[in-house]
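Hi,

Here is the structure I promised to pass on.

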Amino acid sequence: MSASNQTKKTVTIKDVAREANVSYATVSRALSPGSSIREDTRQRVLEVCDRLGYTTNYVARSMVMRETRLLGLVLPSIDNPFMSEMAYHIECIARSLDYSIMLCSSSYDLKEEEKAINLVLGRQVDGIIIIPTARDSYPNLKKYLNKVPTVFVNENLMEAPESYVTVDNYRGTFIGAEYLMALGHKRILYFGRRSTTATHTLRAMGYQDACLQHGVEPMFFDSYTDATTITNGYEMARQLFRERQDFTAIQASTDTFALGVLQAADEYGIRIPEDISLLGFDNIRYAQLPKINLTTIEQPKAAMADVAVNILVGKIQNDFEAYSHRVLTPTLTKRSSCMPIDLSRPESEIEWRLRLSTNDVHSPFAHELPL
């Protein structure tokens, strides 16, 4: 019989025990973090596992231990830079605690979000972290939340009896608007307002209240989509630039929308920050690239992930029903996309509007973000 036709033998825990000259129970303890076993014995068992190519049978272990060491992570979109960065930090923290992540995307669809929750529950996860799709996610998923420990991230559930970790979105846009006003801007347009999540409702409120407190008229350009992508921001910005030019600064509801504005402005010959100052929210990794240098509101993503995972693991390991509401503080990250109004050159406020009227050309590279 040729080697290719031979059945490959699976290395079992019995093989490891025999080779290391220890009991099955000793091998099991050696492979379980935190178990009481002599370090030299653990190292001998691990060396044998490595040499024989043994891998843990997690299904079998979960049946014995009644745990999978697996956490579900359900989020709206992995394509969104903020979401992907959150997923990265959550996975890193989970791995440091000896948990793995099962990732599912809802594609900004409540029905798909419910399917994803059912999927991870079917895989017997020990707990679930949810970055919700919309304001209706919580009531829609409420019937599943007593089945397994759960923590929501990036959405303020107010007084709901569920654990969540978010940032103070109201404070974030408030300090952002105040920063633009300190630079002399009195015509600040809030770009991408939507009310489908508490997160975005609070952001719009923070901007509006800052304007009203300082005697500035709030100006809004509403989003027509829940998917806060660069492409959608670009398409919306093209529409904005065609319809109105009565502002000197744009405060975007997210960094991805801000990058879309940056792309459309480049196409129209509008200079940022010389013609328009631009402020984002999230501080995604693209924001700090040299050709972007976006001034933005920082969400402490690593800290949010750390708090969320540790709350969830605490609920799993201690089997308690208490819930925790954690709202972290955002900070302003200053870069070069905002500048003071140049009062010595009042004509500069209309220069970009004149250029706009002669530069309404659709670029064939419109959907490629220049990095």
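In which sense do strand E9 and strand E10 pair, and over how many bridges? They run parallel, with 4 bridges between residues 277-282 of E9 and residues 295-298 of E10. Along that pairing, aspartate 282 sits opposite glutamate 298 of E10. Before you read too much into any of this, bear in mind that it's a predicted model.

Those two strands belong to an open sheet of 6 strands, ordered E7-E6-E8-E9-E10-E12, and the pairing in it is mixed. From one strand to the next, the twist averages 20°.

- Helix H9 (residues 198-213) lies across strand E6 (188-193), E7, strand E8 (249-252) and E9, and runs at about 170° to E6.
- Helix H10 (residues 230-243) packs on the sheet too, where it touches E6, E7 and E8; its direction is about 140° from that of E6.

For the overall picture, the protein has 13 helices and 12 strands. Of its 371 residues, 52% are buried. If you take the contacts with a separation of 6 or more, 72% of them link residues 24 or more positions apart. The protein exposes about 18,100 Å², and carbon and sulfur atoms supply 51% of that.

Serine 337 is in the loop between E12 and helix H13 (348-356). Is serine 337 buried or exposed? Its relative accessible area is 4%, so serine 337 counts as buried. The side chain of serine 337 reaches the backbone oxygen of leucine 278 at 2.6 Å. Leucine 294 is 43 residues away from serine 337 in sequence, yet their C-alpha atoms are 5.2 Å apart. Beyond four places in sequence, the residues that serine 337 touches include Ile272, Pro273, Ile276, Asn293 and Thr295.

Proline 273 is in the loop between H11 and E9.

Serine 253 is also in a loop, this one between E8 and helix H11 (255-268). With a relative accessible area of 0%, serine 253 is buried. Which backbone oxygen does the side chain of serine 253 reach? That of glycine 192, at 3.1 Å. Setting aside neighbours within four places in sequence, serine 253 is in contact with Tyr190, Phe191, Gly192, His200, Arg203 and Phe281.

Finally, some backbone angles to check. Tyrosine 108 has a phi near 60°, a positive value in a residue other than glycine. You'll find tyrosine 108 in the loop between strand E2 (100-105) and helix H6 (110-122). Glutamine 124 isn't a glycine either, and it has a positive phi of about 60°. Glutamine 124 lies in the loop between H6 and strand E3 (127-130). With a relative accessible area of 54%, glutamine 124 is exposed.

Cheers

How values were computed: Residues are numbered from 1 along each chain as its sequence is written. This is a predicted model: local features need pLDDT of at least 70, side-chain atom pairs count only at pLDDT 80 or more; totals for chains, interfaces and linings use all residues. Side-chain values use heavy atoms; hydrogens and water are left out. Buried means under 20% relative accessible area, exposed over 50%, partly exposed in between (1.4 Å probe, protein chains only). Contact means heavy atoms within 4.5 Å. Accessible areas come from the Shrake-Rupley method with a 1.4 Å probe; for residues, only the protein chains shown count as cover. Two strands pair if DSSP finds at least two bridges between them. Axes are lines fitted to C-alpha atoms, for helices over the stretch in contact, and angles run from 0 to 180 degrees between N-to-C directions. A polar contact is a pair of N or O atoms within 3.5 Å; within protein, one must be able to donate a hydrogen and the other to accept it, and residues adjacent in sequence count only if both atoms are side-chain atoms.
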